[in-house]
Amino acid sequence: MKSKDEWINWSGAVRFDDAPVPDDTTVEYIRRSGGMSEALAGDLSWSHRGYKSDIMCYRVLQLGSCVWAQADDESDAYESTCGESMWFMGDGPKENNFKYCPFCGAEIKEN
Ligand SMILES: [Zn+2]
């Protein structure tokens, strides 16, 4: 779990839109050019292309939610938007009193 106001160095995502935090997280970030701004993580490009606009570090201002969706109808496996998965013995995250994602620390929303 990332602490909320800690600056995190960012070395670039493999995929264009691979944000390190949920899309609805508000982050403050510093570009290669040195400019600092604030935006929703899902609105930013997280890959490095050698541009002045590349994100070099960021910090979380307001953590968004982590969406958990059942992997398929047959199983009790859930997949999260932060890229993890979890199996439940029965029912889903809510019925098992999961309020926050144990992987990224964001509040869980079921899909
Ligand atoms: Zn998560």
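Analyst: This is a predicted model. The protein has eight strands and zero helices, so the pattern along the sequence is simply β-β-β-β-β-β-β-β. Taken along the principal axes, the C-alpha atoms fill a box of roughly 50 × 25 × 20 Å. Of the 111 residues, 21% are buried. Among contacts between residues at least 6 apart in sequence, 52% join residues at least 24 apart.

The domain assignment gives two parts: domain 1 covers residues 8-62 and domain 2 covers residues 65-110. Their C-alpha centres lie 25 Å apart.

The core comes next. The largest nonpolar core has 17 residues, and those that touch the most other members are Val 21, Val 27, Cys 66, Cys 101, Cys 104 and Ala 106. Strands β2 (26-31), β4 and β5 each supply at least two residues of this core. The strand that gives the most is β4, with three residues. As a general background, nonpolar side chains in soluble globular proteins tend to be buried together.

Leaving aside residues up to four places away in sequence, Val 27 touches Val 21, Ala 39, Ala 41, Tyr 58, Arg 59, Val 60 and Leu 61. One of these, Val 21, is also among the core residues that touch the most other members.

The partner of β1 is β4, which spans residues 55-62, and the two pair in the antiparallel sense over two bridges. Within this pair, Asn 9 has Cys 57 of β4 as its bridge partner.

The other open sheet also has four strands, in the order β7-β6-β5-β8, and its pairing is mixed. Here the edge strands are β7 (85-87) and β8 (107-110), each pairing on one side only. On average, and with direction ignored, neighbouring strands of this sheet are turned by 30° against each other.

Following that order, the pairs can be taken one at a time. Strand β6 (residues 77-80) pairs with β7 in the antiparallel sense over three bridges, and Ala 77 stands opposite Trp 87 in β7. Between β5 and β6 the pairing is again antiparallel, over three bridges. In that pair, Ala 69 has Glu 79 of β6 as its bridge partner. These two strands form a hairpin, with six residues between them. The parallel pairing in this sheet is that of β5 (residues 65-70) with β8, over four bridges. There, Cys 66 stands opposite Ile 108 in β8. Cys 66 leads back to the core, being one of the members that touch the most others.

Which part of the chain holds Tyr 51? Tyr 51 is found in the loop between β3 and β4. It has 11 C-beta neighbours inside 10 Å, and a residue with 12 or fewer is classed as exposed, so Tyr 51 counts as exposed. Arg 31 is 20 residues away from Tyr 51 along the chain, and their C-alpha atoms are separated by 9.0 Å.

The second residue is Ser 11, in the loop between β1 and β2. Is Ser 11 buried or exposed? Ser 11 is exposed, because 8 other C-beta atoms lie within 10 Å.

Technical notes: Residues numbered from 1 in each chain as written. Predicted model: local features only at pLDDT ≥ 70, side-chain atom pairs only at ≥ 80, totals over all residues. Buried ≥ 20, exposed ≤ 12 C-beta atoms within 10 Å, placed from the backbone. Contact = placed C-beta atoms within 7 Å. Pairing = 2+ DSSP bridges. Domains from an automatic or database assignment. Axes fitted to C-alpha atoms, helices over the stretch in contact; angles between N-to-C directions. Core = buried A, V, L, I, M, F, W, Y, C linked by C-beta atoms within 7 Å.
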